[in-house]
Structure formats: C-alpha cells, structure tokens
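Please look at the sequence and the coordinates together before reading on.

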Amino acid sequence: MYDLNFFLQQLSNGLTRGSIYALIALGYTMVYGVMKLINFAHGELFTLGAFFGYTLLVTLGLAGSLGPPLAIGLSMIMVLGLVALAGHLLERVAYRPLRHSDRLAAVVSALGASIFLQNAIMLKWGAQYRAYGADLLPNVVFRVGGFNLPLVRLLVFVAAVVVMAFLHAFIHRTRLGLAIRASAIDQGAAKLMGIDVRKVIALVFVIGPALGGLAGLLVGLYYGQINYNMGQLYGLKAFTAAIIGGIGNITGAMVGGLLLGLLEALGEGYVSVAWKDALTFVVLIMILVFRPTGLLPERVAEKL
Amino acid sequence: MSPDLPSSSLPAAPDANRVDGANGATGANGGGAGSNLLPGALTGLAALLFAFLPLFLNAFAGSSAPYWLDVVNTVGLYTILALSLNVILGHAGMFHMGHAAFFAIGAYATAILNLSYGWSIIATMPVAALAAGAVALVLAWPIIHLRGDYLLIVTIGIVEIVRIALTNNIFGLTGGSNGLVGIARPSVFGFRITRPQHFFYFIWIVVGLTMLLFHWLENSRFGRALKFIKEDTVAAENMGVNTSRYKLMAFVVGAAWAGLAGTIFASRMRTISPESFVFSESVLLFTIVILGGKGSQKGVLLGSFLVMGLPEFFRGFEDKRLLVFGAALVVMMIFRPQGLLPSKPARYRLPDPWPGKLSGAPAAEPVTANGKRAQNGAAATGAAGALSEPSGPQGSDPQSPGPQGPGA
C-alpha cells in the first residue's frame, strides 16, 4: 500500500488541502500584520463563503441553469464580493470601535463576533450537514500510471494558486500593496509617510475575508459537504499555518498553509487518521519552541 | 504626571489608567496593597445572605428550585475555574486560552482513581490538582517565553491535543469518546454530598477558600512579582525578578487549581466525556475573566454570573441565546473594554518618600494613549501622591523598606 502512488496521492491531497489553508491563513496574517489582532471570526467568514456558495449553486440552482463551469466561476466572484462585504461590516461594527482599547478586549470582541456569526449561520441554514451535490463537477479522474488525480482536486488547487498569485502581485507590485506592507511593518511610520492606515485596515478587512470566503466555497466543492461550525477547526488550523509561516508575513502564510496541508495528509497516510489533528498542534508547538516567531520571520527587513 | 512627584508608586500599573479618580481615591483609603475584596463587613454580610440562597429558592421558586440551584452551582464551579485562570491571565498577563485542558486532566484523574482504584473523591482532589499542575509544568516549560499571541495559539493547541488524546482513549484509561461513567459522590467527614443543596455549600465554600487563597497570593511576594512582570517584563527582569520562573509558577498554580475544580465537576456530573472539555469551554472561561475585569476577583465573580447564569433567564429564546450572547460580548467590549469591575491599581504606602534624585527612576508613569486615559492616569497618580504625604526628604525613616518592589 505504501508505494510511490500512495505517496503521490497523499502529496496531491496535501497540496490541495494546504492551498485552502493558505487562502484562509492569508486573511489571518494580513489582519494581524496591520492590526495585531487575531480575527477569531475569520473562520466564520470562511463558513459564510461556503454557505453563500451552497445557496448560489444548490438552492438557486445556478449549476443547473448555467452549466457547471459558468456557474462555479460566477459563484466564486459573487462569494468573493459577498464575504468581502461581510468582512467590512464586521470590521466596522466589532473592531473599529476597539482600535485604541486593550488588546484583550478586542480578542473578546472577536470571540463574540465569532459566536454571533456561527449561530447566525446555524439559524439561517440549519445545523445539519449540507451537500454541494456530487453532480456539480464531472467526475473526471486523470490517471498517470497508477496515480489518480481527480479533476476537482486539480481545480481547487489551481483556483487557490491563481488567486494567491494575484494577491502576491497586488501586494508587491501596487501602491496599495506597498501601503499594506508598510503598515504591517510600522503603523506609526506608515502614517508619517502619508499612508491612511484606517483605509489600509479597511482594505485588509475586505481582501482577507474575500479569500477566506472563497476557501469556503472551494471546501464545499472539494469535500462535497459543509456544516455551520466547520469554520472553527479550519480557522484554528489556518491560524496555525499563519503562525508557522510567521504571522504578519504574507508569503509565510502561503508557505505555512501548504506545509500544514502536506504535513496533515502525510500524517494521515503514514501515522494515524485519529491523531492527525493532534499532530498538527504538536508540530506547531515544536516549531514555536525552536523558532519562537515562526519559520519565516515576522518582519523582514526590506526596502519598500 | 510630573516626574518630580515623589510618589511614583512603583509597580502600579497601566491598570492605574483604567480606574476613575474617585474610585481610585477610595481605594487608597483601603490601605492594603491592591485590595480586591469588599470591605470585610460588607463581604461577610453578602456571603451570609448568599448562604441562605437555597432556602430563598425553596420558598420562592417552588418546583424549579433544584434547577436554579444547579445553575448557581454551575456558576460556582466556573467561578473557581475562572479564578484559577485569572492568576494566569489577569495577574501574570499570559494569554492562556486552553484552561479546559487542565480542568479535563483533573476530572479524568479523579474519575480514573475513583473508578479503577476505588479512591474516595476527596482523596483524589489533591492528586487531580497535582496531575494538572504536573502536566502544566511539562507543557509550559518550553513555551513560557512565547509572546502574547503565540502563547495563545499554543495553549489552544494544548487543549486540542488533550481533547484528541482523551477521545482516542489514551493508555486505554479514558474511555474514548464515551468517556467515563458512574463516578462516585464525594463525602466529607462521613456526609455524602448528593443533592444540589449539598453541592451548593460544597462548591461555594471552595469558591470562598479559592478567593481567600488567591487574594493572599496576589498580595504576597509572588503576586507582586507577577504584577511587576505584567506591567513591564523588561524592567522586572532588570530588577532581578526571574520572570520565566514566576510565570511558570503562575501557570502551574492556575492549572493545578483547575484540576481541583475538575474533581468537583466529575463527582457532580458522575459522567465525563471529552465533549465537556472542548476549546469553547476555554473560550468561555477566557471571556468570564476579561468581561468581569481581569485581575479582579469581584469582576471574575460577576463575570461568572453573567456568562453562566444570566443566559438561563433567556431559556425562552432557545436557539437564539448564543446569538445574543455573541452580540452582547461585542457590545460590552466596545462600551467597557476594561471589563465590568476592573482591578484597582496597586497602591503601596510610602513611609519613606523617594529622595529627589531617585524620584524619576521607577517606571510608574501610565502610558497615555489618548486624552481620557491621560486624565484618569493623572487622577490616579494624584491620589497616590496624597497618600505619601508628607513629601520631601524630611519624612524619611531609615528602617522602612521603601516601596515594596516585588521580588526586588
């Protein structure tokens, strides 16, 4: 069983799962970088994305009326927009009033927002699992030798990577991206340079949730079913990924997410399914013991 | 705020800028350093009235009295837990969101000793505390130096690891996801504690003892060292306080006490399973401490009643309760970010005012982030100034130890 094909299977699974973690982790890391706040409600924004996708594709039946490729493309765009809006509202209501307060107050506000959103999702869509439907994507499997690669796995991975590539370009090639990086490094200095940090925070709270929501939609496509409280575990793991990559570091979040996905898939395949989540956190603790600020440094000295 | 004020009360606190001036002034009359208990008589009276609660409930609540008593008992249990978390989060200032892990270890230690080895519940209590403390020591040792948010995620990781270990029936002892069933009731001096009113007295006596113990601890050399570390770790380190040792001690003490609460929980529920010790329990405890006012026993007590008790009044809302709870947390934090009853800043009598040349040295100037804080800070410093009269070098007393620098 433990042959090369099995390894490749776990590897591809791990990369796909990791790309989803990376998308979510980006939201944590961008918000943390600028605000030094763990957005505990981010996992719920991710869930929200999954349920918006469910409503669009299944309840409204876009997949049936438009055909899968167009429907999925369209719902991705709509989910990006809707969850971005939700994230923006969240920032306005729950975080902006606490910008100058004690950090723990902001943490509790974030926890409150998370509890609120999770229960709002439960009340709206119900507590049971919701299925995206198996016929959404054609059940195509590419075979290379004995190695099977399902279409959906490829699609999810490619979508995540393309979005991350866009984000990377945005962060590193545009003036707004420059402003985000500068604010993450030193808010005070960024203000002195004429950057409107309030706008940067608002921007970060639009991009981060949008990516998280997209990840929710991708999870729905990849695993086929979603649940109102799935954001908790995904959020925790994605945050772990952000920490592993050095929180605040955008490249680090992508690397951390992929590493975590690989670690999990390989741990699941070669160690134990029941213990895979524990393995994640053991590795997290080990990494932090030896590198207290994550694998990649939190702040890279760089010329902006 | 001027540096020549002789009274820069040494480790007094960013907490100083959270208390309004009037409040601070009354606190100054209270005397003891950072006294968190109400003046004795009032506390005694409140406790006495509270002791009659089961009778009141019987008289007025009728058939639902046992139910409400159970609610009050749950509040009591969470008060014990939150007080123990308060040592770590409130006093030592460590972001710890994994307290349920140590609670679980205590509960399972009691259950295993009672079920497999026939120990009496009370006898398992110290062992449960020791077990939780020992695990905390081993786990926290390598991570105690981590900064705020990194510690937060690691402690969440710990609670997840413990939950997964319990679910996977580690060492064949924990009964997997079904948990352990049929734990005995505790008996004290031959009296078996079974009914809600028995547990009421049992739990709330432990709450009282916990408050006394932690109050004493807070004002001990240990507590003062923690306060110093929380305010300014670098300064504490420079003054010779072994910061990681004190932090580790606080972590272990808090965890051990949570283990002890686990014993009570196990014998009250008689059945324990991993679901009782999930991440959201830790979040609840964290919320109680911050909402009530971290570092303050009164605040923690109030927080427990609000978080664990108040929602019971809204049973009618059924599934919307948590929705409201989440929104309420956000609103409370916006309007009262320092918590409902924040701890008073520590005050130290200064029989020996600082000689002029030293006056600027202690870093007691509250950092002023905005106008409001600056005002409050000024008021608090002013109150402290009044305390240390007469000012000037003539009041010096060679015997006095000066301001009690913690761990100095």
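A residue is called buried if 20 or more other C-beta atoms lie within 10 Å of its own, exposed if 12 or fewer do, and partly exposed in between, with the C-beta atoms placed from the backbone. Leu233(A) has 13 C-beta neighbours inside 10 Å and therefore counts as partly exposed. Leu233(A) sits in helix α10 of chain A, where helices (H or I, at least four residues) and strands (E, at least two) are DSSP runs numbered from the N terminus. Between Leu233(A) and Asn39(A) there are 194 residues of separation in sequence and 14 Å in space, C-alpha to C-alpha.

This is a predicted model, in which local features need pLDDT of at least 70 and side-chain atom pairs count only at pLDDT 80 or more, while totals for chains, interfaces and linings use all residues. Residues are numbered from 1 along each chain as its sequence is written, and chains are lettered from A and ligands numbered from 1 in the order in which they are written.

Where the chains meet, 34 residues of chain A are in contact with 36 residues of chain B, contact meaning that the C-beta atoms, placed from the backbone, lie within 7 Å. On the side of chain A that touches chain B, two or more residues come from each of α5 (103–125), α10 (230–244) and α12 (276–290) of chain A, and α5(A) gives the most, with twelve residues.

Leaving aside residues up to four places away in sequence, Ala132(B) touches several residues, including Phe102(B), Ile105(B), Ala255(B) and Gly262(B).

Helix α12 (residues 279–292) of chain B is mostly covered, with twelve of its 14 residues buried, among them Glu281(B), Phe286(B) and Gly292(B). The buried residues of α12(B) pack against α5 of chain A, and also against elements of chain B that include α4 (65–91) and α14 (321–335). After α12(B) comes Gly293(B), with a positive phi near 125°.

In chain A, strands β2 (residues 141–144) and β3 (residues 147–150) pair in the antiparallel sense over four bridges, pairing requiring at least two bridges found by DSSP. Val141(A) has Pro150(A) of β3(A) as its bridge partner, and in the hairpin, with two residues between the strands, Gly145(A) takes a positive phi near 65°.

Terms used:
Two residues are in contact if their C-beta atoms, placed from the backbone, lie within 7 Å.
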